[in-house]
Amino acid sequence: MGTETETGRGIKSAERVFDIIKLLFENDGMTTSELAEELDLAVSTVHEYLKSCERREYVIKNPDGTYTPSLKFLDVGEMVRQLNPVYKTAKQPLTRIADKTGEVAWLYTEEHGYAVPLDVEKGQQGVQVVGRIGNRKPMHHISAGKAMLAEMSREKVESILDRHGLRGSTKNTLTDRESLFERLETIRERGYALNDGEEVEGLRAIGMAIVTDGEIHGALSVSGPSNRVRGERLHEELPEILSGAVNEVELKITYE
């Protein structure tokens, strides 16, 4: 019984540390008393957590008394990205997509039911209006996310929707479950997914999943202003470029 209590206490402590770090990121830094009030903890308790994080160099204390996450997270994040096999494999194909289209090319993967951008390349006329590396997004908002959803079983998609819901970003975002499943069927038949102003109005994107032997490794997408990404370019030129890049990545994953 004692071991279970100690284990439970240890898990709770770990959760509190992550809660503190999350709040520091979300609020661009906070004081000890602000954190204590937000978390409903004693100031002395929060102080101990912060000092522990500071000793391990994960937070810094600023002259104004606030604490902020340290740049150590930048190093950790880059190490995590480098460990993802699709990141290195897709690096050159991603650059070629941006060069050929002149638009913004993205590499995404799925984690915990979110679409997570691992890399981005901007072509000569590319307009990057949203997103940053590592910024998790609802999968149904973007073309790469929908392309990956289309490769999943209905049960898997249902579990993601149960966890994260179908909140809207613009008036064009799909927020009805059955409508989404109908769209996923269209994506499977067509071979690519579209984002028609569903994340940002005026921005259109096309995405394709990277899949080998039934395993979803991620997705590539290219986005641009709606006035440029339309008609034959949207439905023929860009899918062909994207398909070539996806095929290259899949072959490298399989045989290299």
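Two strands count as paired if DSSP finds at least two bridges between them. I kept that criterion beside me while going through this model, which is a predicted one.

**Entry 1: strand pairing**

I began with strand E6, residues 193-196, and found that it runs antiparallel to strand E7, residues 203-212, with 4 bridges joining the two.

I then followed E7 onward to E8, where 10 bridges join the two strands in an antiparallel arrangement. Here the hairpin has 2 residues between its strands, and Asp213 in the turn has a positive phi of about 50°.

**Entry 2: nonpolar cores**

Which residues touch the most other members of the largest nonpolar core? In this set of 25 residues they are Tyr108, Met139, Met148, Leu149, Met152, Val157 and Leu184. At least two residues of this core come from each of E3, E4, helix H7 (143-149), helix H8 (154-164) and H9. Apart from it lies another core, of 24 residues, and among its members I listed Tyr87, Leu107, Leu194 and Met208.

I went back to Met152 for its individual contacts: leaving aside residues up to four places away in sequence, Met152 touches Glu110, Met139, Val157, Ile160, Arg188 and Ile216.

**Entry 3: Ala245**

I found Ala245 in helix H10. Is Ala245 buried or exposed? Its relative accessibility is 5%, and because the limit for buried is under 20%, Ala245 counts as buried. With residues up to four places away in sequence not counted, Ala245 touches Pro93, Ile97 and Leu220. I also looked up Ala245 against Met208, and although they are 37 residues apart along the chain, their C-alpha atoms are separated by 9.6 Å.

For the largest pocket I noted a volume of about 1700 Å³. Its lining has 37 residues, of which Phe25, Phe73, Gly77, Gly134 and Arg136 are the closest to its centre. Helix H1 (2-26), helix H3 (43-55), helix H4 (72-83), strand E3 (104-111) and strand E4 (114-122) each supply at least two residues of the lining, and H4 gives the most, with 7 residues. By residue class, I recorded 19 nonpolar, 8 polar and 10 charged in the lining of this largest pocket.

The second largest pocket has a volume of about 160 Å³. I counted its lining as 13 residues, with Glu151, Gly191, Tyr192, Met208 and Ala209 lying nearest the centre. At least two lining residues come from each of helix H9 (177-190), E7 and helix H10 (231-255), and the largest share, 4 residues, is that of H10. The lining of the second largest pocket divides into 7 nonpolar, 3 polar and 3 charged residues.

Definitions and conventions
Residues are numbered from 1 along each chain as its sequence is written. This is a predicted model: local features need pLDDT of at least 70, side-chain atom pairs count only at pLDDT 80 or more; totals for chains, interfaces and linings use all residues. Side-chain values use heavy atoms; hydrogens and water are left out. On a 1 Å grid over the protein atoms alone, a cavity is a set of points where a 1.4 Å probe fits but cannot get out, and a pocket is an open set with protein on both sides within 12 Å along at least five of seven lines; lining residues have an atom within 4 Å of a point. Grid points are joined across faces, edges and corners, and a volume is the space filled by probe spheres set on the points. Ala, Val, Leu, Ile, Met, Phe, Trp, Tyr, Cys and Pro count as nonpolar, Asp, Glu, Lys and Arg as charged, and the others, Gly among them, as polar. A nonpolar core is a set of buried Ala, Val, Leu, Ile, Met, Phe, Trp, Tyr and Cys residues joined through side-chain atoms within 4.5 Å. Buried means under 20% relative accessible area, exposed over 50%, partly exposed in between (1.4 Å probe, protein chains only). Contact means heavy atoms within 4.5 Å.
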